[in-house]
Amino acid sequence: MNSNVLLPVAHSILETQFVGDSTNLELLPEMPTAKILNGNGFPYPSVPCLLGKLQQLLERHRDERHVIVIQDFPDPDALSSSWAYQLIAEQYSIQCDIVYAGTLSHQENIALVKLTGLPAKRWGVQTLKDRDLSVYQGCVLMDSQGNTSQLMPLVKRANIPILIVIDHHGKQEEIQAEFIDIRPNMRATATILTQYLQAGILDFNKANPIHVKCATSLMHGIRSDTINLLQAQEADFLAASYLSKIYDPQLLNSVLQSARSSRVMEVIERSLKNRTVQNNFSMAGVGYLRYEDRDAIPQSADFLVTEENIHTAIVYGIVHDATNEIELVIGSLRTNKLTLDPDEFLKETLGQDSQGRYYGGGRDMAGGFEIPVGFLGGFNQQTDYTKLKWEVFDAQIKQKFIRLISPDHKLIHS
Ligand SMILES: [Mn+2]
């Protein structure tokens, strides 16, 4: 499970829709890719027309340098998709830098980047103001629509045009780009990129060691966005089947076997010690955490939900982001209860802020929330004060959840 589930993500089950401009259609007949696609039984008739458009775009931007912006807490789906895209663009002498402004906080993500040599770069928040973005002629958004990265205000200020958006999250705000492939019914962006590869946009093959590593990370991307394929749909299985001929299973195994850091173990220990169990819910506040360790929260929830007679676990803590001088209560929910909708549950429990934004949301079996500590935030030298602040938040969150967890409440269908 990855930190991206902290974002309220709504997966719709609508028919496939390509949120692009209408010029897609006129490109259909004479697309060069249409030929490549013929005969390989590719099940997605809309992909050739998209690829034709993408190839034209890449041709127009030949020899440029682009920045691929991914979320602050990159997950395997975003990382692997960006890598695949980078390899595709390379054919047009387009140099792409994959950058993120936060941290790789899940041990599996760290292992993925290290073991496959995945070319993502971290731009620390402190160094952002000194970055020269004028070297880039374009920006590519992968597995997001720009609202999960602290880099986007910089990209906007530097007047770098957004060229491409490829994503599977529900459409956020209106976005302008030369090429848009947003498919909210897809489970993973890695599946979309694999479809591109399978359609022949790149000679992706087992003889190339970089391709083998990229295929391995795409496989990991698909797995991790589909809960180890449990939530996978036909498109994901087809993509995985294609990748199975190229990827390195041993390498993937090494990524999956990556060990938890001792700090994550400590947070799990705290969650175990502090948990309250009521009506098959397990709930734990873990106190203060460093920004880099925030992924320990979903990992603790993953662990607590494995206890006997527990169907849902909620873990939360106050995360201190020292660089931005802000504090946030961050929480994760994991459930095995089919009738519990995490999105509905978190929205109902925590409500929304003064601007109507919900504090939390979710998707199948997982959800997350973020509540700004606001005026009470920031460092205070008095340990009594810090302790008191935690107790207030802890008590407030607990009582909100307990109100809903009580057996007579309508949301818990038993
Ligand atoms: Mn994704």
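**View 1. Strands β8 and β9 side by side in the predicted model.** The model is a predicted one. For a handy landmark, look for Met 283, which sits opposite Ile 314 of β9. Helix α11 (residues 262–274) packs on the sheet here and touches both β8 and β9. Its direction makes about 135 degrees with that of β8.

**View 2. The mixed sheet, strand by strand.** Zoom out from that pair and you get an open sheet of 6 strands, ordered β7-β8-β9-β10-β12-β11, with mixed pairing. The edges belong to β7 (276–278) and β11 (360–363); each has a single partner strand, so one side of each has no neighbour in the sheet. From one strand to the next, the twist averages 20 degrees.

**View 3. The parallel sheet.** What order do the strands of this open sheet take? There are 6 of them, in the order β3-β2-β1-β4-β5-β6, and the pairing is parallel. At the edges stand β3 (120–122) and β6 (179–182), each with a single partner strand, so one side of each is left without a neighbour in the sheet. Ignoring direction, neighbouring strands are turned by 25 degrees against each other on average.

View 4. Strand β2 (residues 95–100) and β3 run parallel, joined by 3 bridges. To get your bearings, find Val 99, which stands opposite Lys 121 in β3. Helix α4 lies across β2 and β3, and also across β1 (65–69), β4 (138–142) and β5 (162–167). Relative to β2, helix α4 runs at about 165 degrees.

**View 5. Helix α4 meets helix α8.** Stay with α4 (residues 76–90) and bring in α8 (residues 209–225): their axes come within 8 Å and cross at roughly 145 degrees. The crossing of α4 and α8 is left-handed. On the α4 side, the contact is made by Pro 76, Asp 77, Leu 79, Ser 80, Ser 81, Trp 83, Ala 84 and Leu 87. Helix α8 answers with Cys 214, Ser 217, Leu 218, His 220, Gly 221, Ser 224 and Asp 225. Sorted by class, the contact of α4 with α8 has 7 nonpolar, 6 polar and 2 charged residues.

Definitions and conventions:
Residues are numbered from 1 along each chain as its sequence is written. This is a predicted model: local features need pLDDT of at least 70, side-chain atom pairs count only at pLDDT 80 or more; totals for chains, interfaces and linings use all residues. Axes are lines fitted to C-alpha atoms, for helices over the stretch in contact, and angles run from 0 to 180 degrees between N-to-C directions. Helices (H or I, at least four residues) and strands (E, at least two) are DSSP runs, numbered from the N terminus. A crossing is left-handed if the near helix is turned anticlockwise from the far one by less than a right angle, and right-handed if clockwise. Two residues are in contact if their C-beta atoms, placed from the backbone, lie within 7 Å. Ala, Val, Leu, Ile, Met, Phe, Trp, Tyr, Cys and Pro count as nonpolar, Asp, Glu, Lys and Arg as charged, and the others, Gly among them, as polar. Two strands pair if DSSP finds at least two bridges between them.
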